[in-house]
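Have a look at the structure first, then read on.

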Amino acid sequence: MAENFPTSEYVDIMLFSEGTYPYIKGGVSSWILQLMKGLPDFTFGVCFIGATPYLNGKKMEVCYEFPPNLKHLEVHYLFEKETTQTSPSKRKGNKEGFKAIRKLHRSLTTQRGQLPEMLQNIDFYFQDVPFEDFLYSQEAWDFINELYMKNAPDIPFIDYFWTVRNIHKPIWILAQIVKNLPSAKIFHAPSTGYAGFLGALSSYTTKRPFILTEHGIYTRERKIDMLSADWIEYKKPSLLQQPEEYNYIKKMWVDFFDKIGLFCYYRANHILSLYRGAQKIQIALGAPEARCDIIPNGVDVERLMRTIALREDPPKPIITLIGRVVPIKDIKTFIRAIKIVSQQIPAIEGWIVGAVDEDVEYVRECQQMAISLDLKFNLQTFENNKATQSFEELQNNPDKIKFFGHSDITTILPKSALQTLTSISEGMPLVILEGFAAGVPCVATDVGSCRDLIEGGLNEDDKRIGLAGAVTGIANPEALANEYIRFLSFENGAWQQAQKNALTRVQRYYEQDMFLQEYRDIYNEALPLSWSELKKKVFAYYAPNKLPYPKIKIKRFTITKYTTTPNRGSA
């Protein structure tokens, strides 16, 4: 409960968590915990922001024990209730304040990423245009009406009005959060979006450094969410709607997140990504190239390698998908692929390990598909994000598709012959590296950094290590099935070679200590500096355009100085 959260007036690093730690397991949440536990010499705060306190009708619960150096945790919800108790009343509004908001909107239509100067000041949101003015004033009405007539006169005004209100409402909530945050030396966001905007606004307010680490490309993921969303409803019957009505409302949300990303890029001292492909996308979206760098994820290789001794030789034909059971992970394609494989390998099993509470309807659809394909006999039940059956009961169950919910990967991976990801979007999946360290090759779709991890994408030496699995196109169960069959035909040697390559790659390039040292160096450099001082130190030439020469990643290691002068203290 909130009253049991740690609180402090000061932390070294304030992390912003959008819909992740401490309520959602895996992914970015694991990364945040790994960072805090791995860097005990710094104190951390976490500011969580979500939509509402509920997920699928149930109140969210904390999933993690807090490390000792997590000194502050606060939780906020953007769409739970109005931030003001003021009743609607006639208000004139501040003409100069709304001029600034108009300037903000003009900047949203260009590639400029700077937040207008007036809006950089936290007082703007409480004095110049307080939230009540935005909700109820004549200036706000005129502003929305002006935008409507200029941009979208063909769609229903009521839908446009409420979309503008809902898009802008969180900005005032975020400003209130920034105003009340404890003092921090560094602000660090693991995404753009609302978390990144919090980091950027905090940095503008305090003049402290802001670090951005994008795990996935937030704006692209929001486009997938928005363009496939069905939560935007109209009172007009669907048969009378024009296609452009529905699409324009979605486009408003997409454009909003797109431009917020630019604000984050403009303010960040470091714009970090996990792999080269993501860095290229950041630059294409407007991130200044001079500030972009790559820090791959890392895993505790030694701990996971110990599980190899628990694996049978050869392993049973079990293929494990570790990930949330949600549409973006495309679990249904995995189920179809297992059906194809079962025609040649009757003993095949597909294990699905991950959260089952984020999209309950999708979980049911996946189970029903497995039943219809004769891969499963009955629907499973879950409690506290885990299967109600024990691990042993599930292991002995005759189903070929099994849902485990959250499970200890050190128990799951030794039982797995292959790991797979069938996602339609990814960042840099930590689970692939964890599988590699446990000696499990991977077959994945060509999204995010999956190809780089499997084929080697860091440099030529990485490529020469060889394939640690295979990569296929998205939504292609036949291609996945062919690769599963190839690796599970152990006599051909493909599995053994992929396992060897996986272990070599993860040991050489993705050790947890490497990852932690990169962030330790960045934090130590930034702690004593202001935003502008760090700007000059990180890269004196903050280029507004493409660099006139190739950018070289500068490692922040300690330089040992050598001298030819004899050491008088030596014998």
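## Starting from one residue

In which helix is the place of I331? I331 sits in helix α12, where helices (H or I, at least four residues) and strands (E, at least two) are DSSP runs numbered from the N terminus. This is a predicted model, in which local features need pLDDT of at least 70 and side-chain atom pairs count only at pLDDT 80 or more, while totals for chains, interfaces and linings use all residues. Residues are numbered from 1 along each chain as its sequence is written, and side-chain values use heavy atoms, with hydrogens and water left out.

I331 has 0% relative accessibility, so I331 counts as buried (under 20% relative accessible area; exposed is over 50%, partly exposed in between, with a 1.4 Å probe and protein chains only). Leaving out residues up to four places away in sequence, I331 touches L321, R324, V325, V326, I352, Y362, C366 and T422, with contact meaning heavy atoms within 4.5 Å. Take I352 from that list: I331 and I352 are 21 residues apart in sequence, and their C-alpha atoms are 8.3 Å apart.

## The whole protein

Zooming out, the protein has 22 helices and 17 strands. Of its 571 residues, 56% are buried. Among contacts between residues at least 6 apart in sequence, 74% join residues at least 24 apart.

## Two partners for α12

How do α12 and helix α13 (residues 360-372) cross? Their axes come within 10 Å and cross at roughly 10 degrees, which makes α12 roughly parallel to α13. Axes here are lines fitted to C-alpha atoms, for helices over the stretch in contact, and angles run from 0 to 180 degrees between N-to-C directions. Angles under 35 degrees count as roughly parallel, over 145 as roughly antiparallel, 65 to 115 as roughly perpendicular, and the rest as oblique. I331, K332, I335 and R336 of α12 meet Y362, E365, C366, M369 and A370 of α13. That contact has six nonpolar, no polar and three charged residues (Ala, Val, Leu, Ile, Met, Phe, Trp, Tyr, Cys and Pro count as nonpolar, Asp, Glu, Lys and Arg as charged, and the others, Gly among them, as polar).

Helix α12 (residues 331-342) also packs on helix α19 (residues 477-488), at an angle of about 50 degrees with the axes 8 Å apart. These two helices are therefore oblique to each other. On the α12 side the contact uses T333, F334, R336, A337, I340 and V341, and on the α19 side P477, E478, L480, A481, Y484 and I485. By class, that is nine nonpolar, one polar and two charged residues.

## The core and α6

The largest nonpolar core holds 104 residues, and Y125, Y160 and F436 have the most contacts inside it. Helix α6 (residues 157-180) gives the most to this core, with 11 residues. Such a core is a set of buried Ala, Val, Leu, Ile, Met, Phe, Trp, Tyr and Cys residues joined through side-chain atoms within 4.5 Å. Beyond its neighbours within four places in sequence, Y160 is in contact with I144, L147, Y148, N151, A152, I155, Y248, I249 and M252.

Helix α5 (residues 138-151) and α6 have axes that come within 10 Å and cross at roughly 125 degrees, so α5 and α6 are oblique to each other. W141, I144, N145, L147, Y148 and N151 of α5 meet F157, Y160, F161 and V164 of α6.
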